[in-house]
Amino acid sequence: QSNYPLVINTWPFVKATEKAWQVLEKTDDPLTSVEQGCSVCEELRCDGTVGWGGSPDENGETTLDAMIMDGPSHDAGAVAGLKRIKSAISVARAVMEHTKHTFLVGDAATQFAVEMGFKEQSLSHIDSVDRYLKWLNNSCQPNFRLWVSPDPSLNCGPYQPVQPATNSDKTNANINQQSHDTIGMIAINSDGDMAVGTSTNGAAHKIAGRVGDSPLIGSGAYVDNEVGAACGTGDGDVLMKFLPSYQTVESMRGGKSPSEASEDALRRIVNKYPKFMGAIVAVSKNGDYGAACHGLDEFKFSYGSRKTNGINVESVKCI
Ligand code: SD4
């Protein structure tokens, strides 16, 4: 059996994996596969951390970050702080395909989306309202979501600016940024052409306007069609300082396997931020794949993959 076609994504979001696979099988189009796979998570509000109705910011509003990148053309589109539009990755694709630009943000991205025919609607859900009010009242429930700090006091508002003394204090020190679970997805078709994408509602109780790593090309995801692709999940305020998806692809270019390259990218982060939490998944040009994580053992980081022989969810022991 050949190593591709293949779909792979962060976390066990199997409905998204399966949808992406169905699209890939039918169309052999990795870009549409990634878009539609991630769209499933946006609709299902995977873990409350993708799509509408999750991770409210300090104003109680959910905003979305997403990107998509096409291997053969090396073209990409992204949106950040997208308001009142549910289909973030599709808007990112529209930016790529219908503009000369690459990245649109905030209300102006919404305006673009509406002009492109996307429906404007509230991104609030009873869950996001409830979560916001609990945070506001300083009565959060630590187990409300999959990813919360082991220290319950860190999960409750109101926001207190922190002035960390060192980089290692910085990670996890900000009580506003404790809930993570981005979908990052890679698809590779029967010709070995690849696409990547991400979609997330970012960090819970973020300061309004905060953008994470997920929509940033090279940080949240990256593809070089001649080498491979990678995407990440985790603490975006740290991840974005290291361009880990780009780094992973470059290490594969240098001969590392997908797992080795992902691990190397994370080690560069952990070296400076020992408490960092996050993961990278990667696929090489020949369809080999692997992953690495740090600080996620408690959350049992796993990722989904789909080939002709079925779906597979693999747990990763973190470095
Ligand atoms: C962010 N990286 O906005 C995203 C959140 C996330 O797994 O990945 N969660 O920081």
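Helices, of at least four residues, and strands, of at least two, are taken here as DSSP runs and numbered from the N terminus. On that basis, the chain of this predicted model contains nine helices and twelve strands. Of its 319 residues, 59% count as buried. Among contacts between residues at least 6 apart in sequence, 65% join residues at least 24 apart.

**The helix pair α2 and α3**

Two packed helices are described by the angle between their axes and the distance between the axes. For α2 and α3, the axes come within 8 Å and cross at roughly 145°. The residues that meet are listed below by helix.

| Helix | Span | Residues in the contact |
|---|---|---|
| α2 | residues 30–44 | Glu35, Cys38, Ser39 and Glu42 |
| α3 | residues 88–98 | Ala88, Ile89, Ser90 and Arg93 |

By class, the residues of this contact comprise three nonpolar, two polar and three charged.

Met252 lies in helix α8, which spans residues 244–253. Is this residue buried or exposed? Met252 is buried, because 26 other C-beta atoms lie within 10 Å and the cut-off for a buried residue is 20 or more. Leaving aside residues up to four places away in sequence, Met252 touches Val227, Gly228, Pro258, Ala261, Ala282 and Ser284. Pro30 is 222 residues from Met252 along the chain, and the C-alpha atoms of the two are separated by 20 Å.

Terms used
Residues numbered from 1 in each chain as written. Predicted model: local features only at pLDDT ≥ 70, side-chain atom pairs only at ≥ 80, totals over all residues. Buried ≥ 20, exposed ≤ 12 C-beta atoms within 10 Å, placed from the backbone. Contact = placed C-beta atoms within 7 Å. Axes fitted to C-alpha atoms, helices over the stretch in contact; angles between N-to-C directions. Nonpolar A, V, L, I, M, F, W, Y, C, P; charged D, E, K, R; others polar.
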